[in-house]
Amino acid sequence: MHWLQQRGHPCLGVDRDPAALQAAAAFGEVLAADLENMPWPLEGQRFGGIVVTNYLWRSLWPDLLQCLQPGGVLIYETFAVGNEAYGRPSNPDFLLRSGELFDRCIAGGLRVLAFEDGVAVSGRKARVQRVLAVEPSADLESFAIE
């Protein structure tokens with residue numbers, strides 16, 4: 001959130017952990033929500049960008065995509081199968097299968113601009129998948145590489 005807020009983007013952080021919310025409040029609005037045990041709290045809201053890190057709850061995927069406004073950007077990174085070699089999470093329920101994040105984006109109608117599936121080495125080693133995807137009506141000129 002800090003990086004986005006520094007660049008002038010309004011931010012909303014969603015978490016169930018009060019400490020995480022307190023830290024995020026310095027960079028934008030926060031919403032306390034237990035996404036796994038309560039109704040989707042963002043029904044009807046749309047966002048130009050959605051960033052998800054270190055979190056996987058597969059049943060929320062349709063809700064998440066419905067919140068992406070036309071032309072919006074999705075950035076998602078979380079743990080993948082193979083992470084059990086490096087620590088937690090190790091439960092397969094919380095690990096993406098090979099290519100799963102890419103496949104979910106395509107099935108959800110998004111255009112994938114970048115995808116990675118490998119071992120991240122910043123901080124502690126972890127097996128992750130990362131994706132940068134856009135809602136198909138996005139003006140791809142704004143993503144030009146300089």
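The sulfur of C105 lies 15 Å from the closest cysteine sulfur, that of C67, which is too far for a bond. The cut-off for a disulfide is 2.5 Å between the two sulfur atoms. A disulfide is a covalent bond between the sulfur atoms of two cysteines. The model is a predicted one. Searching the whole structure turns up zero disulfides. C67 is accordingly in no disulfide, with the sulfur of C105 as its nearest cysteine sulfur at 15 Å.

Both cysteines can also be placed by their accessibility. C67 is buried, at a relative accessible area of 4%. C105 is buried as well, at 0%. The limit for buried is under 20%.

**Accessibility of selected residues**

| Residue | Relative accessible area | Class |
|---|---|---|
| C67 | 4% | buried |
| C105 | 0% | buried |
| Q129 | 0% | buried |
| Y86 | 34% | partly exposed |

**A buried glutamine**

Q129 sits in strand 6, which covers residues 126-134. Its relative accessibility is 0%, so Q129 counts as buried. What does the side chain of Q129 reach at 2.7 Å? It reaches the backbone oxygen of R97. The side chain of Q129 also reaches the backbone nitrogen of L101, at 3.1 Å. Polar contacts are pairs of N or O atoms within 3.5 Å.

**A nonpolar patch**

Y86 belongs to the loop that joins strand 4 (68-79) and helix 4 (100-107). Is Y86 buried or partly exposed? Y86 counts as partly exposed, because its relative accessibility is 34%. Together with V119 and V121, Y86 makes a nonpolar surface patch of about 260 Å².

**The chain as a whole**

The secondary structure comprises four helices and six strands. Read from the N terminus, the order of elements is α-β-α-β-β-α-β-α-β-β. Along the principal axes, the C-alpha atoms fill a box of roughly 40 × 35 × 30 Å. The radius of gyration is 15 Å. A compact globule of 146 residues would have a value near 15 Å, so the chain agrees with that expectation. Of the 146 residues, 29% count as buried. C67, C105 and Q129 are among the buried residues.

Conventions:
Residues are numbered from 1 along each chain as its sequence is written. This is a predicted model: local features need pLDDT of at least 70, side-chain atom pairs count only at pLDDT 80 or more; totals for chains, interfaces and linings use all residues. Side-chain values use heavy atoms; hydrogens and water are left out. Patches are made of residues with over 30% relative accessible area and no salt bridge: like charges are joined within 9 Å, nonpolar side chains (Val, Leu, Ile, Met, Phe, Trp, Tyr) within 5 Å. Accessible areas come from the Shrake-Rupley method with a 1.4 Å probe; for residues, only the protein chains shown count as cover. A salt bridge is a side-chain nitrogen of Lys or Arg within 4 Å of a carboxyl oxygen of Asp or Glu. Helices (H or I, at least four residues) and strands (E, at least two) are DSSP runs, numbered from the N terminus. Buried means under 20% relative accessible area, exposed over 50%, partly exposed in between (1.4 Å probe, protein chains only). A polar contact is a pair of N or O atoms within 3.5 Å; within protein, one must be able to donate a hydrogen and the other to accept it, and residues adjacent in sequence count only if both atoms are side-chain atoms. The radius of gyration is taken over C-alpha atoms; the globule rule is 2.2 Å times the number of residues to the power 0.38.
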